[in-house]
Amino acid sequence: MTCLTLTDDPDQQELWRTTVVKHGLSHPFLLHEILAIAALHLATCIPEEKGLLTTRATELQNYAVGKFHEVEVTNETNCIAVMLFSSLLGVHLLADRSRTQGLGFSDFLDHVLRCMGLLRGVMELTLKEWISFFQASDIAPLIRDGRPQVPYDNIPKDCRDLVELVKESDLGPSSVTAYNAAIDRLFWLFALSDVPTVHSTARWAIGWPVQLPDEYIVLLNQRRPEALIILSYYGVILHFNREAWIIGDTGARLVRAINSQLGSFWERWLAWPLQITQLS
């Protein structure tokens, strides 16, 4: 059942199984994206039907996107459905291997950044404006933020050393602030993921892009080395979630793609992500 692969939290699994579908019944764009995700998941479970189910997933997604474009305004009657749809659309793009088959390093990196952009769209579309409404709604447990103990005590040393990357680089104040914020959220994610535990759901792995500052995304889209290096450590998190069908080998491919973009000057910082993703 697809809902069991989105999160390891039983309460959230039940919400995906029942409450989210209930919202879908009132909003065709959400319902068809739910069906699209389910079809894509089935394609990984039934190899002999993979081609047919992947095609069906794409058809359902295209219909969902078309219906979503008919939404003229976000309000209290549809904001939950808009948020859920946007989340699932980003997950769908990340999980659809047919979109990345045969891509070179640069194109694969572009693909991951597009996925992150869609997931961040959740924040832009709904979370900033409607967060209080969501927290009082029937989907409140889905947006519950994990709160590992601070200071984080289970961050790998190689990851902690990222703060030195920022200190050693010649950066302006806004870049320093953006990178430190991205690293802090990365530490949060490592703490929640309890690395090196390997996970079979994508619950926490897709939470990082939503929380990133806009300035970091600008630097990332400019392919600034420091931004790419921080992203490679996110690739490690994805790799430890590789048993989730949504993620698979995305983390390892992302680290290799970033390594291909940077010269030998940066190899010190990429040594650990490359080691982790190549060993397992």
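Q: Is K167 buried or exposed?
A: Happy to start there. This is a predicted model, and in this model K167 counts as exposed because its relative accessibility is 63%, with the cut-off for exposed being over 50%.

Q: Which residue does K167 meet in a salt bridge?
A: The side chain of K167 meets that of E164, at 3.6 Å from N to O.

Q: Where do those two sit?
A: E164 and K167 both lie in helix α8, which covers residues 162-168. They are 3 residues apart, about one turn of the helix.

Q: Why does that spacing matter for which way residues point?
A: An α-helix has 3.6 residues a turn, so residues three or four places apart point the same way. Side chains of opposite charge can pair when their charged atoms come close.

Q: And how accessible is E164?
A: E164 has a relative accessible area of 30%, so it is partly exposed.

Q: How many salt bridges does the structure hold?
A: There are 11 salt bridges in the structure. One of them joins K22 and D138, whose side chains meet at 2.9 Å, N to O.

Q: Where are K22 and D138?
A: K22 lies in helix α2 (residues 10-26), while D138 is in the loop between α6 (105-135) and α7 (157-160), so the pair ties together parts that are 116 residues apart in sequence.

Q: How accessible are those two partners?
A: K22 counts as partly exposed, at 45% relative accessibility. D138 is partly exposed too, with a relative accessible area of 30%.

Q: Okay, what does K157 pair with?
A: K157 forms a salt bridge with D161, and their closest N and O atoms are 3.0 Å apart. K157 is exposed, with a relative accessible area of 61%, whereas D161 counts as partly exposed at 25%.

Q: Let's switch to helix packing. At what angle do α4 and α5 pack?
A: Helix α4 (residues 50-68) and helix α5 (residues 79-95) pack at an angle of about 145°. Their axes are 12 Å apart, and the crossing is left-handed.

Q: Which residues make that contact?
A: From α4 they are A57, Q61, A64, V65 and F68. From α5 they are V82, F85, L89 and H92.

Q: How do those divide into nonpolar, polar and charged?
A: The contact of α4 with α5 has 7 nonpolar residues, 2 polar ones and no charged ones.

Q: New topic: what about α11, how far apart are its ends?
A: The end C-alpha atoms of helix α11 (residues 225-240) are 23 Å apart. At 1.5 Å a residue, its 16 residues should span 22 Å, so the two values agree.

Q: How many of its residues are buried?
A: In α11, 15 of the 16 residues are buried, so to speak "mostly covered".

Q: What about α12, how far does that helix reach?
A: Helix α12 (residues 250-261) has 12 residues and reaches 17 Å from its first C-alpha to its last. That is close to the 16 Å expected at 1.5 Å a residue.

Q: Which residues of α12 are buried?
A: The buried ones are T250, G251, A252, R253, L254, V255, A257 and I258.

Q: Now some loops. Where is L171, and is it buried or exposed?
A: L171 is in the loop between α8 and α9 (173-193). With a relative accessible area of 16%, L171 is buried.

Q: What is L171 in contact with?
A: Leaving aside neighbours within four places in sequence, L171 is in contact with V166, V176, Y179, R224 and E226.

Q: What is the phi of R223?
A: Phi of R223 is near 60°, a positive value in a residue other than glycine. R223 sits in the loop between α10 (214-221) and α11, and is partly exposed, with a relative accessible area of 25%.

Q: Last one: where does F265 lie, and is it buried or exposed?
A: F265 lies in the loop between α12 and α13 (267-279). F265 is exposed, with a relative accessible area of 67%.

Conventions: Residues are numbered from 1 along each chain as its sequence is written. This is a predicted model: local features need pLDDT of at least 70, side-chain atom pairs count only at pLDDT 80 or more; totals for chains, interfaces and linings use all residues. Side-chain values use heavy atoms; hydrogens and water are left out. Axes are lines fitted to C-alpha atoms, for helices over the stretch in contact, and angles run from 0 to 180 degrees between N-to-C directions. Helices (H or I, at least four residues) and strands (E, at least two) are DSSP runs, numbered from the N terminus. A crossing is left-handed if the near helix is turned anticlockwise from the far one by less than a right angle, and right-handed if clockwise. Contact means heavy atoms within 4.5 Å. Ala, Val, Leu, Ile, Met, Phe, Trp, Tyr, Cys and Pro count as nonpolar, Asp, Glu, Lys and Arg as charged, and the others, Gly among them, as polar. The expected span of a helix is 1.5 Å times one less than its number of residues. Buried means under 20% relative accessible area, exposed over 50%, partly exposed in between (1.4 Å probe, protein chains only). A salt bridge is a side-chain nitrogen of Lys or Arg within 4 Å of a carboxyl oxygen of Asp or Glu.
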